[in-house]
Amino acid sequence: MNTSHLFKALGRAVVCTSAALGMLGSGGLAHAQIAVGKTKFLGNIIAGNPPGNFSMYWNQVSPENAGKWDAVEPVRDQMNWGQLDAAYNYARSNGFPFKQHTFVWGSQEPKWIGGLSAQQQAHEVEDFIRQYCQRYPQTQYIDVVNEPLHQPASYREALGGAGSTGWDWIVWSFQKARQHCPTAKLLINEYGIINDANALNRYKVIVDILKSRGLIDGVGIQSHYFSMDNLAPATIKQNLDSLAQTGLPIYVSELDMTGDDATQLARYQQKFPALWTHPGVAGVTLWGYIEGQTWVANSHLVRRDGSERPALTWLGNYVRSNPGSGGAANKSIVVRARGTSGQERVTLRVGGTAVQTWTLGKTMTNYTFTTTLSGGSTVEFTNDATGRDVQVDYLSVNGSVRQAESQTYNTGVYQNGRCGGGSGRSDWLHCNGAIGFGDL
Ligand code: XIL
């Protein structure tokens, strides 16, 4: 075994260990994330270190508090990214979409903001947005403004106040987010919408202002227990239908439902399908799941001892057997690879379109990409030269791994005295050429 094989074997051992951790689900069956392979994600929050069982259940990450302005910048100009790094890196290395929460909000603001002039306030908000976007350029979603109706930012006058649209400070915030984070999907987020047609109509006014300026990509509705626990499924459908008229995808962003085991189960059974099956809903994020770590009591789904509450077991079975409909059809792709010189470039193609190019490091690394495209996928080595070779461990789609050496199409491996001259099955690309990983 040469060093590269040894390296690969070690890499595999790590993969196997984390896969083994994922085998402790109900009934002892191995299972991946509940919504793996579905057209919509089912995510959850991360607070502090990512829980070991997160990837047994969830395939999208929102930071619970670490992305809020007061957490990032408790002291002016002293940024504190540690916990946000942990959540973001965890999402990236698992291929899960990451949603930043949040840029502009009237709660959990830094205490020092109130003492500044309007000009300094606007400067500091933009600085937070700019620094976030520089540090986390692969962020898929951002709650740009949180709770505009219920808890508007205290410094909103500094961002343009109501202005001519009535909501100029929100337009300003989205313009800055678009400028600094041009590849992220920009969302607005609010509570008390799913259960209240009046609030919903006021919310739609803001959404339309942003939409007409091309500044918004989706609408978030928090859907906490105080709106959901006693809500009739027919009302959920009616309000989602109304919100879907904006033409924008809906993100259920902070779902929780409370109760003792039987009550919570009944609530999930009664209401969750109305959310999941609505064609306008592109993803659902739950707001916590571990007992003792949820912001509200009795909303947890996993007990302290790691066992599942009935609502979670039901939820897993329901989503696994229900494709949902509509949705963003996002696929999270991970290409795990390395180069031998550190200069090798590979391109990921989907359906013939080059969607992403990476320059590989010399150690095995997960390179991630999210796409709605479908079709054949290839990883192509494009700048071969003396001393340059590429080793691809695998490509995974929504967490499901396709090993490079199991693929029959490889035009870049050196076999039988020439490039592409053999069966194809190899994890190496010695020459310019591609490994085909099948349809996405
Ligand atoms: C909550 C967190 O879960 C708590 O830990 C924190 O103490 C307060 O904020 N709406 C939101 C979230 O947008 O950011 C809130 O999160 C819950 C309500």
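Predicted model: local features only at pLDDT ≥ 70, side-chain atom pairs only at ≥ 80, totals over all residues.
Residues are numbered from 1 along each chain as its sequence is written, and side-chain values use heavy atoms, with hydrogens and water left out.

Me: How far apart do the C-alpha centres of domain 2 and domain 3 lie?
Reply: The protein is divided into domain 1 (1-30), domain 2 (32-329) and domain 3 (331-439). These bounds come from an automatic or database domain assignment. Between the C-alpha centres of domain 2 and domain 3, the distance is 34 Å.

Me: Which strands form the edges of the open sheet of eight strands?
Reply: Strands (E, at least two residues) and helices (H or I, at least four residues) are DSSP runs numbered from the N terminus, and two strands pair if DSSP finds at least two bridges between them. The eight strands of this sheet pair in parallel, in the order β2-β1-β8-β7-β6-β5-β4-β3. An edge strand pairs on one side only, and here the edges are β2 (61-63) and β3.

Me: Which residue in β8 stands opposite Val252?
Reply: Strand β7 covers residues 250-255 and strand β8 covers residues 281-286. The two pair in the parallel sense over four bridges. Opposite Val252, the residue in β8 is Val284.

Me: By what angle are neighbouring strands of the open sheet of four strands turned against each other on average?
Reply: This sheet has antiparallel pairing and the order β11-β10-β13-β19. Its edge strands are β11 (353-359) and β19 (433-439).

Me: What is the phi of Gly351 in the turn between β10 and β11?
Reply: Strand β10 (residues 345-350) pairs with β11 in the antiparallel sense over six bridges, and Arg345 has Thr359 as its bridge partner in β11. The two strands form a hairpin with two residues between them. In the turn, Gly351 has a positive phi of about 55°.

Me: Which residue in β19 is the bridge partner of Ser377?
Reply: Strand β13 (residues 376-381) pairs with β10 over five bridges, and Val350 stands opposite Ser377 there. Strand β13 also pairs with β19 in the antiparallel sense, over six bridges. In β19, the partner of Ser377 is Gly438.

Me: What is the omega of the peptide bond from His101 to Thr102?
Reply: Most residues other than glycine have a negative phi, and most peptide bonds are trans. The bond from His101 to Thr102 is cis, and Thr102 lies in strand β3 (residues 99-104). Its omega is near 15°.

Me: How many residues surround the ligand?
Reply: A residue is near a molecule or strand if one of its heavy atoms lies within 4 Å of it. The closest to the ligand are Glu64, Asn65, Lys68, His101 and Glu254. By class, the shell divides into three nonpolar (Ala, Val, Leu, Ile, Met, Phe, Trp, Tyr, Cys and Pro), four charged (Asp, Glu, Lys and Arg) and six polar residues (the others, Gly among them). The number of residues surrounding the ligand is 13.

Me: How far does a polar side-chain atom of Glu147 lie from a nitrogen atom of the ligand?
Reply: Glu147 lies in the loop between β4 (141-146) and α6 (168-180), and has a positive phi of about 50° although it is not a glycine. A polar side-chain atom of Asn146 lies 2.9 Å from an oxygen atom of the ligand. For Glu147, the distance to a ligand nitrogen atom is 3.3 Å.

Technical notes:
Polar contact = N/O pair within 3.5 Å; in protein donor to acceptor, adjacent residues only side chain to side chain.
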